[in-house]
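Open the structure in your viewer and keep the selection tool ready. The stops below go from one residue to the spaces and contacts around it, and then to other parts of the chain.

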Amino acid sequence: MQRLSIPDPLCASRLIKRLPYSLTPRLFAAFFVLLTLSAPSFAQAPSATPDSSGGMTHEQADQILQELRQIHQLLANGAAPQRAQQAAPAAEKGKLNIAGLPVLGRSDAPLTMIEISDYQCPFCRAFHKGTFEALKKDWIDTGKLRFISWDMPLEFHSNAAKAAQAARCAGQQNKFWEFRSLLIANADKLGPEDIPVYAQQVPQLDMDRFRACVGSDQFSAAVRKSVGDANGQGISGTPTFVIGKTQGDVVDGVIVVGAKPIAEFENVLKDQMGK
């Protein structure tokens with residue numbers, strides 16, 4: 001079947017100068033879809049997971065177009081130009097402190113990968129539907145890589161910050177990764193009424209305790225700090241990854257921008273392993 005293909009959307013920041021870096025990826029992707037694909041192409045695109053070549057499904061294209069509408073509204077309200085000079089493309093290297101964050105994999109794995117993500121980001125979901133499973137099987141489950149989730153809800157995703165806080169609430173009961181997987185799988189439906197529904201699907205999660213935590217906003221400051229720390233490294237788009245040698249709570253490594261194919265991540269991991 002024919003797939004919708006786009007170039008890596010997170011490499012497009014130079015094309016639309018009046019937007020902040022965090023907005024350009026989706027806008028570029030949406031314009032590309034609108035300008036280059038015909039209606040029959042949309043109709044023929046399956047709703048399956050993209051393959052490693054970077055194909056886009058009909059469902060993902062619909063999400064990007066929806067984000068274009070949201071970005072257009074921000075532009076109409078004058079929000080984007082005010083931030084246009086504040087963000088810069090990611091640097092080649094980054095350094096983040098992961099103290100207190102949940103770890104997937106062995107804590108003493110030789111390498112660490114941090115995923116800077118947004119729960120409403122369709123490209124983050126594409127990464128988890130495809131590339132992540134291969135990384136987990138070959139690198140995380142084999143003890144070579146520990147994986148860290150880093151929150152960076154983007155301002156034009158109205159439900160992303162609350163979803164990030166809810167995931168941390170689930171983490172209080174050692175259910176972070178189970179709940180996170182449900183949020184990622186349902187990236188297009190994360191309204192306030194949806195979060196408790198997903199929480200109820202997590203085995204042995206105390207719902208009263210979970211609801212109290214979500215209602216208290218106790219993690220709102222921590223999520224804001226997470227965004228600020230990522231921005232301080234020149235990171236302003238999702239997904240972005242910091243990959244480096246495991247050295248306690250501080251990860252000092254290279255920055256990889258975008259939902260790359262598994263081969264590209266493996267090249268970076270092998271290079272870091274050899275240092």
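Start by selecting His128, which lies in helix α5, residues 122–129. Helices here are DSSP runs of H or I with at least four residues, strands are runs of E with at least two, and both are numbered from the N terminus. The model is a predicted one: local features need pLDDT of at least 70, side-chain atom pairs count only at pLDDT 80 or more, and totals for chains, interfaces and linings use all residues. Residues are numbered from 1 along each chain as its sequence is written, and side-chain values use heavy atoms, with hydrogens and water left out.

Is His128 buried or exposed? His128 has a relative accessible area of 11%, so it counts as buried (buried is under 20%, exposed over 50%, partly exposed in between, with a 1.4 Å probe and protein chains only). Now show its contacts, meaning heavy atoms within 4.5 Å. Not counting residues up to four places away in sequence, His128 touches Glu115, Glu133, Phe147, Arg180 and Ile184.

Next, look at the largest cavity, with a volume of about 50 Å³. His128 is in its lining, as are Glu115, Arg180 and Ile184. On a 1 Å grid over the protein atoms alone, a cavity is a set of points where a 1.4 Å probe fits but cannot get out; a pocket is an open set with protein on both sides within 12 Å along at least five of seven lines; lining residues have an atom within 4 Å of a point. Grid points are joined across faces, edges and corners, and a volume is the space filled by probe spheres set on the points. Helix α5 gives the most to this lining, with 3 residues. The lining of the largest cavity divides into 5 nonpolar, 2 polar and 4 charged residues (Ala, Val, Leu, Ile, Met, Phe, Trp, Tyr, Cys and Pro count as nonpolar, Asp, Glu, Lys and Arg as charged, and the others, Gly among them, as polar).

Move on to the second largest pocket, of about 400 Å³. Among its 19 lining residues, select Ala99, Gly100, Leu101, Arg168 and Ala222, the closest to its centre. β3 (93–97), β6 (145–151), α7 (160–171) and α11 (220–231) are the elements that each give two or more residues to this lining. The largest share, 4 residues, comes from α11.

Select Lys162 and Asp217, whose side chains meet at 2.4 Å, N to O. Lys162 is in α7 and Asp217 is in the loop between α10 (207–216) and α11, 55 residues apart. Lys162 is partly exposed at 39% relative accessibility, and Asp217 is partly exposed at 34%. In the whole structure there are 7 salt bridges.

For the last stop, select Tyr119, Phe179, Leu183 and Phe210, the residues with the most contacts inside the largest nonpolar core, which has 40 residues. Such a core is a set of buried Ala, Val, Leu, Ile, Met, Phe, Trp, Tyr and Cys residues joined through side-chain atoms within 4.5 Å.

How values were computed:
Salt bridge = Lys/Arg side-chain N within 4 Å of Asp/Glu carboxyl O.
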